[in-house]
Amino acid sequence: MFCDNPSSLILGMAAEERSSGGSSPSEALEVTEQFGSVTVERHVPRINCPEHIILVVDVCREDGNTSYKLADGSKFSSLYMVKRAITLFLQNKHAIDSRHKFALVVLHESPIWLHDFTNNPREIMSELDELEDAVATSRCDLSLLFDLIARQISLPQCSNPAVAPPPCVFRTIVFYGRSQCLPQFLGGKAVFTHLIQSPHFFLDVLYMHEAPSDENKCEGIFDLLCGLDESGWSYVLEVSRNATKLHNHCGSLLAHPLQRPTQKDVHYTLNGVD
Amino acid sequence: MEIRDSLIRGSVMEQYIRQIGYIKLNGFPGGLCSDLAEITGASESLTVWNTRQDNGVMGETVCESGPGDELLIKVPFAGATLTIRLLFYLREPWMPPDMSFSDIQFLSRISTEDLEDQVPALNNWNCSEDDIIAQLLHQLLQLYKKYQLEKLDDDEVLQFEYRSLLKTLKIGEGDIEILVNSPGHNTSSLLVRLPLSLQDVPPVLIDANPGSATSLLQNEGVFVPKLYLSPRVESLIGGANTLALPAVPPGTCLLDYVERVLELLEEKVRKAVLCFETRKQFIAQVLCQFGCAVMEYDAERFSKVVLMFEVKDFHFLTFITLGQLFPQFAAEAKYMAWVRYKGNPTRHNKYAHRMTCKHMVATSKWAITRWEADMHRKPTGVGVDSKMWLVLQQAPKIVLQSLYHNSPREPYSKEYSDQKYSPQWTPEEMVRNVRDVILSNVSSFQMSSIRTN
């Protein structure tokens, strides 16, 4: 059993905070998660408000890029697989709550805001269909990406974010696909830091790479990407040419940032025995 | 002079439009169904019936009115409609409007003193006030109500019922409208605002529908009751047309009947709140057992939770949905589905009705088996339970959905029903049972999802 006392979870529920006069703001502030050995504090009520999800797709194709091989022997390019996985992500996320919105950013030379927020997944899917991979650039400037995002969104302003449920939250999911190029903040981290300190902004990363070897920088890149998780609430996932694992990770990314456990504490295995 | 005239007329027209706008913005003043009042402008010349002439005689006149000079106001009153016509003199804006009413006896029964006393707006017609028309209409409606109450003196039975309602329900005169022998009908009708309190209802269940929570019971003639509910109340307990009003046996006293309807509504509200609490406990239990696998859950109404599970390396989504009226009687669910289908015969509603019928059949079989088992144990006496299990509840809906396969436009999904579900279980047991249903169906789901792709 994960938890012995359901009522403590009820205390953390936003509806209780709003509907009963008994709960005080201090209870919301003190809702902490005791998972494993790490205590991470939640600073926002656990409400399933609409998400505005920015999908950042890296279309760079490096030399020596390998394909995904399925069990039946068929092969698919990395970009094809990520398009397919994102399609299922969009469809499933829309099925969970049709209020969620999606925007599409393409990462190549510089990031391009390809499609503005929409809650119709088919609009994003048709843009995705048109995407083609391109020769990899030598740099990946994360400052440009977060500058672009900061210009396009306006973060909710709540006077008491620990108690007041926000009208929406923003989540950026970066699908990074390069094994040779370290992404860097060439223009400084100020904008990124400003975004990430907001309790209503979340960053997740799905890193799709070649098999790690001495010939590439996969491990270094992965460490760098993990370093982007400053709050402890991000999901930073990696996969190397395993189609099933790629889709499973997209499943994990369906989780609502205000209600999901930390990445360390996810546990999906369903057992028959207690 | 002409330009000055047209400027003056222009500003008078603007003021007039502002006064109409005031009513549209703030709502029709007074009346239990004021949100259903209609205000329209008339155009062309027309015959105005039933106006009091200068010599005091009632008659008809033909008025040449320009467009926008006349307002037609239809106010629902005690189940019928009172139409008030106001004819404005926009060239002499200091003059109050001429009035006529659909209730032709009204003006003839009202004395000039009554009008002066009760409708002061007529004598103090301040055309520059934005709310002057609203004030006039409010005063006219109050006068009309008073006129109807005076007619009650002619109907002892109705008067007695009126006073009993006021006293027993502890409501004010503003909560009842009576139409005594309405024009064209020989029957009286009565509209009462029931004192249904939504005080203890969690705000989240009704906040989406702003406005008052009103339940109105109308009775026409010898007993033709109708119920009207505001959207705020309907969102909580269902539409007025889905609530079966109790039958009216002969000799039923109006007060008894109204009290019975009020009890029925209060019971519905209590049930809706109980449903909400039960859903909350169920979701809390799901989070307790599977919190590490949660994707998203409805944290306001607790109607849904979505999880991701892995069984033998196969990952999949699970949607668990609780009906708004969970728990709910199987028979009641079937009836409501039938009413919805009859009102709107779509394929979806037909399918939903068929599902509730299947559930009812399963429920009946289960009840019979359970009853027989009980009879074998101990038919009567101390220790026999109250048979509350007969009140069967609607099981949560379980849908498994694929992370890998679309079929063709959406991810492949399948719904699984829970035949063993029992309302006697604790939320913990209910959730364990959901887990068992998932585990027993996962491999067949996996097979069919691959096949479909």
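So, salt bridges between chain B and chain A: the rule finds one across that interface. The partners are Lys93(A) and Glu296(B), and their closest N and O atoms sit 3.1 Å apart. Keep in mind that this is a predicted model.

Okay, what else goes on between these two chains? On polar contacts, the rule gives 19 residue pairs across the interface of chain B and chain A, both residues at pLDDT 80 or more. Which parts of chain B do the touching? Several elements give two or more residues to that side, among them helix 8 (254–290), strand 11 (294–297) and helix 11 (427–452) of chain B. Helix 8 of chain B has the largest share, with seven residues. If you sort the residues on that side by class, you get 24 nonpolar, nine polar and twelve charged.

Now the overall tally. We have 45 residues of chain B in contact with 48 residues of chain A. Together the two chains bury about 4,000 Å², and 59% of that is on carbon and sulfur atoms.

Let's go inside chain B. Take domains 1 and 2 of chain B: 13 residues of domain 1 are in contact with 16 of domain 2. They bury about 1,300 Å² between them, 62% of it on carbon and sulfur atoms. And how many salt bridges here? On the domain 1 side, helix 5 of chain B brings the largest share, four residues. That side has eight nonpolar, three polar and two charged residues.

Technical notes:
Residues are numbered from 1 along each chain as its sequence is written. Chains are lettered from A and ligands numbered from 1 in the order in which they are written. This is a predicted model: local features need pLDDT of at least 70, side-chain atom pairs count only at pLDDT 80 or more; totals for chains, interfaces and linings use all residues. Side-chain values use heavy atoms; hydrogens and water are left out. Contact means heavy atoms within 4.5 Å. Buried area is the accessible area (1.4 Å probe) that two parts lose on being put together, summed over both. Ala, Val, Leu, Ile, Met, Phe, Trp, Tyr, Cys and Pro count as nonpolar, Asp, Glu, Lys and Arg as charged, and the others, Gly among them, as polar. A salt bridge is a side-chain nitrogen of Lys or Arg within 4 Å of a carboxyl oxygen of Asp or Glu. A polar contact is a pair of N or O atoms within 3.5 Å; within protein, one must be able to donate a hydrogen and the other to accept it, and residues adjacent in sequence count only if both atoms are side-chain atoms.
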